[in-house]
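Reader: Hi! Could you walk me through this one? I'd like to start with how the chains meet.

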Amino acid sequence: MAWAGMNWGLFKIIYRHTGEIGLDSGWHEHEFFIFLGTIWIINSLIQTLFMANAAEFSELIRTGNLDFALLKPIDTQFLISFPRINWSQLPNGILGVVLIAHSLRELMGEREIYFSVFSIPAFLFFIGCGAVVMYSVMICLASTSIWFGRNQNLYNFWFYITNFYRYPMEIYQRSGVGMALWGTFTFVVPILVVSNIPARILAQPLGTPWKPWEWGLAAYAIIGSIWSLMASRWVFKRALKSYRSASS
Amino acid sequence: MLESALTWWTFFKISINERLIYRADFMLGTLMRFLPTLTQIFLWWAIYDVISNADTADSAAGPDGNIAGYKYGDMVAYYLLVIISRAFSSMPGLTGGIANQIRNGEVKKFLIQPVDMQGCLLMQRIAHKLVYYLIAILPFALVFFLCRDFFIEGWPPPNVLAVFFASLFLSFLLGFYLECCIGLIGFWFLEVTSLTFIYMLMNFLLSGHMFPLELLPAEPFNIRQLVEYLPFKYLAYFPAAVFLGKIEGAELYRGLLAEIGWVVFFIVLSRVLWHRGIKRYSGYGG
């Protein structure tokens, strides 16, 4: 929660010095805070539902207790993904909702926002897609502990990867390295798409109903989340094959 | 005299070996540390683009506007330099370690052995840091070489460079004794996790870790002025600002003196806390 506040403060300060992030990208202050709120919601969903479980999974591998999970007549990935819910991470998501609501109101005072009955369901749907993609990334990261023996850097890796999806994708779309990053995090690991699409639904940074490329990207977000789920499933299975238990 | 020097040397050697166990993990970890900087580069690029209102996507120096006296190159250079300052001043696990030793009674060993706790910890840290620099210098050199164009002004003059290195060394001592003091509060509180968290937040915000301190607003209340009177800025901002020539002339040496002052203050404070603490200490645990 404190981190969220600091994040907010950072951009409050940045927007004292600039009107927009990315020339003509439309990410002005209120639009950007809608983006930030979206990120908080996705993050808190992940941390509430999966983070503790993924860490637990790494621990199961290290101690060899994964044997018990493997023996049970239920899908292992399902079993290790959902046993517990970490409610303490939920407030950040609520904070995100508040931030979005506030920024949206401010924004409506400034200009026209195209809002329809589908906006909220679509927003929620794409938040869901985002959670799916992030979940897949986390499963892949956690699975690596089977090969590495232990993975105490899980949280660090997580931090470094999520670092890339916390900004509007326009900031990457320039120069070689940027395009490479944008490509990687759009097409290989589609984390940029899933943070950008829901934010764009509400913030509409370009101030008009969606352009064709935005529709295309949204369609791609759905494909991307299915693809990443399948990929994570594959990595998980591969990893399990190399599992050799421990201390039994 | 010789004997105590030998003792410290032994502590030093043990710590070095301890640190060399996970070399590969270490290199990788150091390189990973620069990833967030990569996004920072793009974020600030996008911001400076708007400010200078010109598309200069292909010039290496980037857009030419400035924020609080920082050009785009300065800003990126600042973030890179802060990583160096932090490599000196950050002490992961120090506070928690001390508080833990107090809580589980391990601190007793310093009461019965003729070894000073702070001295022992300091030796460990120096050893860890030295090994860290030896290994990390490769990834660091690589990244700085790749980013050399961001340093618009090139190398600073020798006297500034001297102050820069002195301030780095002092920031190590400052970080060490500051965190020591927080850990020693464990004699009174037993649990210092929440204190550590507050310290971490303050540090992140007020040391210039997140952005150059010049960006801090003077309204509604003057945080910009406030940080000048706090020790935090020496942990990240000061060395970087010195290198970039943001602090000039007499200010340079005044800043250095103030930093020495803070170091002495925290050394004395940690001594006082230690002596008061062991009087209160009742030796829980086995």
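Author: Happy to! In this predicted model, the contact takes 22 residues from chain B and 23 residues from chain A, where two residues touch if their C-beta atoms, placed from the backbone, lie within 7 Å.

Reader: Which elements give two or more residues to chain B's side?

Author: Those are α3 (35–52) and α10 (193–206) of chain B. α3(B) gives the most, with eleven residues. Helices here are DSSP runs of H or I, at least four residues, numbered from the N terminus.

Reader: And what's that side like by class?

Author: It has 19 nonpolar, one polar and two charged residues. Ala, Val, Leu, Ile, Met, Phe, Trp, Tyr, Cys and Pro count as nonpolar, Asp, Glu, Lys and Arg as charged, and the others, Gly among them, as polar.

Reader: How is the numbering done?

Author: Residues run from 1 along each chain as its sequence is written, and chains are lettered from A in the order in which they are written. Local features need pLDDT of at least 70, and side-chain atom pairs count only at pLDDT 80 or more, while totals for chains, interfaces and linings use all residues.

Reader: Where is confidence lowest in chain B?

Author: In helix α2 (residues 23–32), at a mean pLDDT of 69; pLDDT is the predictor's confidence in each residue, from 0 to 100. Confidence is highest in helix α8 (residues 158–184) of chain B, at 91. Over residues 55–62 of chain B the pLDDT is below 50. Where pLDDT is low, the predicted coordinates should not be read in detail.

Reader: What are the overall scores?

Author: ipTM is 0.77 and pTM is 0.79.
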